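Hello,

Here is the structure for you to look through. My notes on what was found come after it.

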Amino acid sequence: MQLQDELQNGCYRPGGYTHFYIQEPKRRLISAAPFRDRVVHHALCNLIEPVFERHFINDSYANRMGKGSHRAIDRLQQFTGHYSYALRLDIEKHFPAIDHQILLDALAGVIRDERLQAMMQQIIASGAGVLDQEYQPVLFPGDDLLALCRPRGLPIGNLTSQFWSNCYLHPMDLFIKRELRCRAYLRYVDDFCLFSNSKRELWAWKRAVRHKLGELRLRFHEHSAQVTPVRCGIPWLGFVVFPQHRRLKSRKVVEASRRLVDRFEAWRIGRISFAEFDASVQGWINHVRYADSWGLRQHVLQPFHW
C-alpha cells in the first residue's frame, strides 16, 4: 500500500543495490535491487513493453516474448543456408557502456507519459556508477574531457536493464535493416550477425556499423570482427553453427563437465539432494540437444554412476 501511494504521489525513490559476482563463464558483477523495486520494474515493463514491441524488428531475440536464444540459433542457421559469408560482431562492455542521456532520449521518443518518464529516469539514475569499475570510459570523435563524466551503465540483474538494452540498440537495428539494406541480420543482446554473398559488402557494412555504434557511444570488439565463410562455422550463443549441423563450443563442454562433476560429488557426500543433481543434468541435456550432441552427451554423462 505504501509503495502504491509513493507511485501515485510521485515520491517513489529506488533503494540501494546488493552486489555480488558470478562466473558464468565470464566474471560479472550482478546488482540486485530491493524487492519493492523489482515489483516496480516488473510493473513498468508490463506497461511499456507492448508499446516498444510495435517498433522492434522481428530478428531481435533477447528478452522478448516468443523469442529467446534457441530461436536465435535456428534463425542464424537458416541464414547460413542462403548466404556465403557472415560478419559477427559483439559490443565491448555493453551494459557498463550504455549512456544514460542517449537511453532517456530513446525512451522519451516513444513513451510520452511524463510520470512514466520521471520513473524511468529515477531507475536509470540509480544505476549510475554501479559498473564504473567494469568499464574504462572512451572518448569518441568530437568529445571533450567532460564527456568522461557522462552518467553511464545499467545494473546487470534488473529486468529493466535487459529490456532497455533492446531499446538502446533499436536505432542500430533499423540502420542495418533500412539504410544498409541488409536482408539477413539478427541480434541477441550485444551479439549480432550480418550475412551477404559479398565479402566486400560485409567489410563496408562493418565500417558503417562502427560509425553508427559510435553515435551510441559504443564499440565492438575489433579482434573478433571478421568476415568468415559460413561453411567454417559461426560461433553463436555457446554453439558453433554450420549450414547443416551445430556443435557445442569445446570451452562450453569443458565447463559443463566440470560443473556436473562438482554437482555429482556434492550429491555423493550429501550436500545436495539427488533431485538437485538430476535437475542440473536435465538442464544441461535440454540445452545441448539443440546441437548434434548425442555422442557428446553419452561421453560427458558416462562417468556418473548411481
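Strand β4 (residues 185-188) pairs with β5 in the antiparallel sense over four bridges. Helices (H or I, at least four residues) and strands (E, at least two) are DSSP runs, numbered from the N terminus, and two strands pair if DSSP finds at least two bridges between them. Within this pair, Y185 stands opposite L194 in β5, and L186 has C193 in β5 as its bridge partner. The two strands form a hairpin with two residues between them. In that turn, V189 has a positive phi of about 55 degrees.

This is a predicted model, in which local features need pLDDT of at least 70 and side-chain atom pairs count only at pLDDT 80 or more, while totals for chains, interfaces and linings use all residues. Residues are numbered from 1 along each chain as its sequence is written, and side-chain values use heavy atoms, with hydrogens and water left out.

β5 (residues 191-196) also pairs with strand β3 (residues 85-90), in the antiparallel sense and over six bridges. There, A86 stands opposite F195 in β5.

Which residues of β5 are buried on each side? D191, C193 and F195 are buried on one side, and F192, L194 and S196 on the other. Buried means under 20% relative accessible area, exposed over 50%, and partly exposed in between (1.4 Å probe, protein chains only). Six of the six residues of β5 are buried, and the strand is mostly covered.

Now the chain as a whole. The secondary structure of the protein chain comes to 11 helices and nine strands. Its radius of gyration (taken over C-alpha atoms) is 21 Å, close to the 19 Å that the globule rule (2.2 Å times the number of residues to the power 0.38) gives for 306 residues, so the chain is as compact as a globular protein of that length. The C-alpha trace spans about 60 × 55 × 35 Å along its principal axes.

Of the 306 residues of the protein chain, 43% count as buried. Contact means heavy atoms within 4.5 Å. Among contacts between residues at least 6 apart in sequence, 70% join residues at least 24 apart.

Regards
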